[in-house]
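The sequence and structure come first.

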2 protein chains.
Amino acid sequence: MADINVSLTARTGKSEPGAAPRLSPAPEGEPMLDLIELLFFAYRNFVSDPDEILHGFGFGRAHHRVLHFVNRHPGMRVTDLLDILRITKQSLGRVLRELVDQGFIDSRAGASDRRQRLLYLTPKGEALTQEFVAIQSRRLRRALEESGGDARDVVRRFLVAMIDPEDRSPTEKLIARADQAVEARSAARSRPAG
Amino acid sequence: MADINVSLTARTGKSEPGAAPRLSPAPEGEPMLDLIELLFFAYRNFVSDPDEILHGFGFGRAHHRVLHFVNRHPGMRVTDLLDILRITKQSLGRVLRELVDQGFIDSRAGASDRRQRLLYLTPKGEALTQEFVAIQSRRLRRALEESGGDARDVVRRFLVAMIDPEDRSPTEKLIARADQAVEARSAARSRPAG
DNA sequence: ACATTTATGTCAGCCATGTTGACTTTTTTC
DNA sequence: GAAAAAAGTCAACATGGCTGACATAAATGT
């Protein structure tokens, strides 16, 4: 951030030592200004890692999101992706077409319902997605290590609680289902006769 | 999220009960897929609150950021804002002009260096910014309450640790300086003779 | 069988917000 | 008096949102 030199109006130095403990009673509760800003800076860095890699392919943040969720839910429908991302069909269409055209995503017609296009990562897409997961996981792991023993649970609960109440349960279910599928696939790999 | 119906490939139901505890040793450490996704959903909701209000004024996310940091650092220079936001002068110029034109921000020439334009919120800008702080603080407060006793400290440490190491100290100093200025101003208000 | 609905895709155009590059004006500094 | 710094501006472009209108194929309901 190149050490910012904000010349404040209040240059008086230390604030009154025994200053009255908030005479204006902050009717709405304590403002969380530090957390608001930290979340901004942290998130910016968090998404910048994949951004840089993507840029080399001529892709952007939107492509990352698509790759990520297709990786997590192989065989998902286009509609499911629209529901998760909450963007329009047209917006998704653009990035999805690029990803399919350039061989990162495979779009196959559904077996039972042939109107559906089920989305899968190609090996190429899988490799790229692994990079993103790895780099973002590394950042998260390091941050949690610096934050104390049960940080992972606390942070997880905090993030869930930051989500709009009506979205929490669907979101948690979505994550659980993806995790379960990963387990199933890796179990399948360890008994290839399966 | 309207309960997403992802028909997974692995429809076998419950994953092997006594499945081997990860035969592939995850060379890069445990992937933090759940946190990656929770951060995405949480941040999206977090910024959507101000977004909706802004939309009524014909403003967007970029205006929010400018208002927020000018509120935190009254009298800051344009250069300081560019350093914090890390966008180009031209991008900032557009939103700043709109905010000044519509009377949310006051831009005054510096007293000691008259090349500088020092930025202040007008009462109108201050009122709007308070709304954003209030609504985002409320979300944060509620989330912390649901996350256990020392959640605030843990989350704060976590967010700091998520920031690129070279930016941490400047960022923390920035926040500390802003907090200190707030205290100084509110102390000044409680002794108006001052 | 036929009408309707669903899933997907596509064309065209608009908006917000980022970018680069070039250039000007004012003011300070060396 | 030259050089550097702070700010602003014009033009052009990219990304990724959006709306509206429409097309096609396949499933579903009566």
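## The largest cavity

In this predicted model, the largest cavity has a volume of about 160 Å³. The count of cavities of 30 Å³ or more comes to one. Rolling a probe the size of a water molecule over the atoms shows where empty space is left.

The lining of the largest cavity consists of 13 residues. Nearest the centre are Tyr43(A), His64(A), Arg65(A) and Gln136(A), together with Phe40(B) from the other chain. Helix α2(A) gives the largest share of the lining, five residues. At least two residues each are supplied by α1 and α2 of chain A and by α1 (33-56) of chain B. By class, seven lining residues are nonpolar, three are polar and three are charged.

## Extent of the interface

The size of an interface is often given as the accessible area lost when the parts come together. Between chain A and chain B the buried area is about 9,500 Å², and carbon and sulfur atoms account for 63% of this area. Chain A brings 88 residues to the contact, and chain B brings 87 residues.

## Polar contacts and the chain A side

Between chain A and chain B, 29 residue pairs are in polar contact, both residues being at pLDDT 80 or more. On the side of chain A that touches chain B, at least two residues each come from α1 (33-55), α2 (61-72), β1 (76-77), α3 (78-85), α5 (123-145), α6 (151-162) and α7 (165-190). The largest share of this side, 14 residues, belongs to α1(A). Sorted by class, the residues of the side of chain A that touches chain B are 45 nonpolar, 17 polar and 26 charged.

## Salt bridges

Over all chains, the count is 28 salt bridges. Across the interface of chain A and chain B there are 12 salt bridges. One of the pairs is Arg168(A) with Glu146(B), whose closest N and O atoms are 3.2 Å apart.

Another salt bridge is formed by the side chains of Asp34(A) and Arg152(B), at 2.5 Å from N to O. Asp34(A) sits in helix α1 of chain A and Arg152(B) in helix α6 (residues 151-162) of chain B, so this pair joins two chains. Helix α1(A), which holds Asp34(A), also gives the largest share of the side of chain A that touches chain B.

Technical notes:
Residues are numbered from 1 along each chain as its sequence is written. Chains are lettered from A and ligands numbered from 1 in the order in which they are written. This is a predicted model: local features need pLDDT of at least 70, side-chain atom pairs count only at pLDDT 80 or more; totals for chains, interfaces and linings use all residues. Side-chain values use heavy atoms; hydrogens and water are left out. Contact means heavy atoms within 4.5 Å. Buried area is the accessible area (1.4 Å probe) that two parts lose on being put together, summed over both. A salt bridge is a side-chain nitrogen of Lys or Arg within 4 Å of a carboxyl oxygen of Asp or Glu. A polar contact is a pair of N or O atoms within 3.5 Å; within protein, one must be able to donate a hydrogen and the other to accept it, and residues adjacent in sequence count only if both atoms are side-chain atoms. Helices (H or I, at least four residues) and strands (E, at least two) are DSSP runs, numbered from the N terminus. Ala, Val, Leu, Ile, Met, Phe, Trp, Tyr, Cys and Pro count as nonpolar, Asp, Glu, Lys and Arg as charged, and the others, Gly among them, as polar. On a 1 Å grid over the protein atoms alone, a cavity is a set of points where a 1.4 Å probe fits but cannot get out, and a pocket is an open set with protein on both sides within 12 Å along at least five of seven lines; lining residues have an atom within 4 Å of a point. Grid points are joined across faces, edges and corners, and a volume is the space filled by probe spheres set on the points.
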